[in-house]
Amino acid sequence: MTDVRIGVDVGGTFTDVALHVDGSLTTAKVPTTEADQSVGVLDGIRKACGRAGIEPAGIDSFVHATTVSVNALLERAGARTALVTTAGFRDVLEIARQDRPALYDLDAEKPAPLVPRRRRFAVDERATVDGVERPVDPEEVRAIAAEIEAVDAESVAVCFLHAYAHPENERRAASVLREELDVPVSASHEVLPEFREYERTATTAADAYLAPAVEGYLGRLTERAREVDVPEPLVMQANGGVATADAVRERAVATALSGPAAGVVGAAATAGEGEGEGEAAADAVSFDMGGTSTDVSLVRDGAAERTTDVEIGAVPIRTPTVDVATVGAGGGSIAWTDAGGALRVGPESAGADPGPACYGRGGERPTVTDADVVLGYVGPETALGGELRIDPAAARAALERLAEEAGLDGAAEAARGAFRVANATMTRAIRSVTVERGRDPREFDLVAFGGAGPMHAAALAARLDIERVIVPAPAGVLSAYGLLAADETHDALRTVGTTLAEADPEAVESVYDDLAETALADATEPDAARVELAADCRYEGQSFELTVPVDGFDPEAVARRFRARHERAYGYALDAPVEVVTLRATATIDRAAPEIRREGAGDARRGEREARFPGAGAVETAMYDGAALAPGTSVAGPAVVERAESTTVVPPDWGASVRRDGALVLDRERDGTDAADGGGPR
């Protein structure tokens, strides 16, 4: 029986498509349509289906990752949101936390909250951790609803004090608001039933802020898909799992970082493909360099690491999220000189239109991609995305102008500088998820993907002393491939706040039963789901928690696991009371990653061209057609391997081999190479 699955990931520059038909993978890239991403999504589906020789109506499963949420947060382009909260807590969003990102900056300005004060309303109600002390008055809420209507709010967030423990008042107020107003209403006990008032309020406000945009976008996408008989999409969540469009509509904030999460899932799925062929790469650094930014994350024991503490556009989001660090350095990042004449790269990007100068679409400012062209990594015969031809003269002219501004000796030196500065920024991002967390990057492989990632991967690995780089076969569209490999996942949580010594195992198990029921409620096939339990724990008096797995609630076993986890994370453990703060349940329906069959045929070598490498200068470099490389083939550096959506650079001191799934595995040859050069060409 034919199995046809398609994954579509929307990026800042390109929309990537991976279409899997019985072991054969067809990929495509189209420009992202910023005004309405759904237009580009359908363009990509049609393009991939045309290449595969099938009709869109033949697709069995459609999985999608979108940047609608993250863009709305970063650009402050969400809905006009109102906040209804407990009297006395109207300014929680503005007070925030005592910590400051720039402690000694006298000119630092706090970002404005998502909800301005004129749209924040207080209700005379009160609950404590012990129960409701003052019930909410429905008539007061109706009066507030009229005020909300008067300020023309497009959505409402409701967050009452201690509603995570006793949601009765908040539930009643939300019900009244939903009756009185024709706008989405987000209630904190539904979005984030967890303590910490600021984070809960901020996350609930973010959910309300995003709800109309997500609802509108999914509505348009579903309608366009229906017109060509494509199934309604499953949507990637920030936690690395997919959910139905209806489930996502109920919790819009869960789609923040949707695209980066898909890339990490793809990296995890392909990092372990070496099993049975030698060493397995279960631990890896995921390195996704796209057109606008670079995302890095860790894969441990074959699974993406997750966190519950992220910040997007100065807004804390306390939902389960794949742990991703992002920097503004990508292929389209613009190289420029600051007031002191120093060379800088990013965070401003040339985007898809006009794009880098080498695209020939009128762009004149130099980018990292233009630097790659001048260095010889991307040639005039290269067709980006399989179609877009390169204009080397335009790239060189842009770098010449940069050289004049920076006082450098010509386009080649400017290109080398831009390459090195971009690499330094990306190296810092990798260090932030490894060295700064007590992990040795030398113990990880580097899984490189994105349109530009494989070009820079070996240079970054040399800087970090990483021995091996894995470039998956669909590297240019790995986030789209990751969508096909992602499990269906649903999370539920609740704060309980008790010491393990005082915890009642039966009461805790009862909470877990409720959480499991909640997590399974949105599952497409509840009977096929497995439920995993966990607990956020901390030493008594600490202000942060660590999550440990729970297999039947045994306080002593949970304490042992927490102390072991604490020692791994911080280097020590204490003989002190342990608190269990929040209980978690995750329902997962496994979806097998699609197998990729790669055969390769014909003469893969395309000739040679001059390219520049660290320690070697300008050398003649072999060019290869990646699609024609058969599994088991070895390539000696210096070499450039070109595929439709990505280009891999193999420096002189590296070699590469082709894995059975078509992935390139780059291994570093120890021959006295100076890794301290900084990873930049000479």
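Buried here means under 20% relative accessible area, with over 50% being exposed and anything in between partly exposed (1.4 Å probe, protein chains only). At 1% relative accessibility, Cys49 therefore counts as buried, and so does Cys537, at 0%.

This is a predicted model, where local features need pLDDT of at least 70 and side-chain atom pairs count only at pLDDT 80 or more, while totals for chains, interfaces and linings use all residues. Residues are numbered from 1 along each chain as its sequence is written, and side-chain values use heavy atoms, leaving out hydrogens and water.

On to confidence: pLDDT is the predictor's own score for each residue, from 0 to 100. The protein chain averages 90, and 95% of its residues reach 70 or more.

Now the inside. A nonpolar core is a set of buried Ala, Val, Leu, Ile, Met, Phe, Trp, Tyr and Cys residues joined through side-chain atoms within 4.5 Å. The largest one has 101 residues, and Met236, Phe287, Leu446, Val469 and Leu666 have the most contacts inside it. A second, separate core has 58 residues, among them Leu19, Ala28, Val115 and Leu218.

Back to Phe287: leaving aside residues up to four places away in sequence, Phe287 touches residues including Met426, Leu446, Phe449 and Leu460.

Key: Contact = heavy atoms within 4.5 Å.
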